[in-house]
Amino acid sequence: MASSQLTLAARGGVGDFTIMAALTWLAGAILLLELEQGGGVCAFGAIPTGRWCCGVLALLWCLLVLSFGGRLYDPLFWLLPLMALPGLALLAGIGWRATLLHQLVVLGLLLPSQGLFNVAIPVAPLAHVTARVTAQLLWLFGQSAYAQGDRIVTTTQTLLVDGHCTGRSILGFSLATLVVLLILLPLPRRGRFATIAALAVATFSAVFLLNGVRIALLAFTIRDPGPGPLAALRGFEFWHSGLGSQLFTLAASALVCGTYVMLLEWRLRRHGPRAG
């Protein structure tokens, strides 16, 4: 199911959707593998009938969506991990109140939350702030530029900051990465909520600045770079919505992971394992 969804998303050319779906499936697979290695899987005959039926129905629903409704614009296509991951846990004998089942539900909600996040975040104010930050970065790079509303005016061109340029998808994926890390590598209990709030603010600021660097790179690109992979690096579309944009998404996720691991290591050394 994961490979089918990722293949359809990749063929549809929706990079943000593909990366978020891959993160969800990977995190869910890690939790299910830990359950199997820890001996938490019940024997087939010991699974209660209600859980077994619900798990089978959830997986059959996923197969029907992939067979008949597997379109990127179909909202049901976004719900596949939300149905498949808890369904597999139920077939393993996990109870309804188990923490693992709740964690898998949260992971399954990451993919539909991406679409809701893009709709909920207003474009206009974020575009104005992005234009101002990018203009300042270009000035630091030695380029004459200034912000005019949602536009960045340089000596050679004018860049329009649209919804994709605001970095909503990069920010959403970074916050999803933070949620996955909190599930897989939980922080010690002492001061957990304050730490999470600080991490969220730091993530927002760092990713927003990183996206500003990406937009600043667009000022050094050309519309028609010509044929060849090396020439594509100078192309506008490569950094706007192509592979270059996805590289910045992965870089933002790596930044979140590095910051989280260092903070977790510091917290464990300070409070010790008993605080977890």
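A pocket is an open set of points on a 1 Å grid over the protein atoms alone, with protein on both sides within 12 Å along at least five of seven lines, and its lining residues have an atom within 4 Å of a point. This is a predicted model, in which local features need pLDDT of at least 70 and side-chain atom pairs count only at pLDDT 80 or more, while totals for chains, interfaces and linings use all residues. Residues are numbered from 1 along each chain as its sequence is written, and side-chain values use heavy atoms, leaving out hydrogens and water.

**Exercise 1. Describe the largest pocket and its lining.**

Step 1: Start with the volume, the space filled by probe spheres set on the points, where grid points are joined across faces, edges and corners. For the largest pocket this comes to about 150 Å³.

Step 2: Find the lining residues, which include Met20, Leu110, Phe117, Leu175 and Val179.

Step 3: Look for helices (DSSP runs of H or I, at least four residues, numbered from the N terminus). Helix 6 (99-120) and helix 8 each give at least two lining residues, and helix 8 has the largest share, with five.

Step 4: Sort by class, counting Ala, Val, Leu, Ile, Met, Phe, Trp, Tyr, Cys and Pro as nonpolar, Asp, Glu, Lys and Arg as charged, and the others, Gly among them, as polar. The pocket lining has seven nonpolar, three polar and no charged residues.

**Exercise 2. Now describe the largest cavity.**

Step 1: Recall that a cavity is a set of points where a 1.4 Å probe fits but cannot get out. The whole structure holds two cavities of 30 Å³ or more, and the largest has a volume of about 60 Å³.

Step 2: Locate its lining, where you will meet Leu126, Arg168, Phe204 and Asn211, among others. Helix 9 supplies four residues, the largest share.

Step 3: Count the classes: five nonpolar, three polar and one charged.
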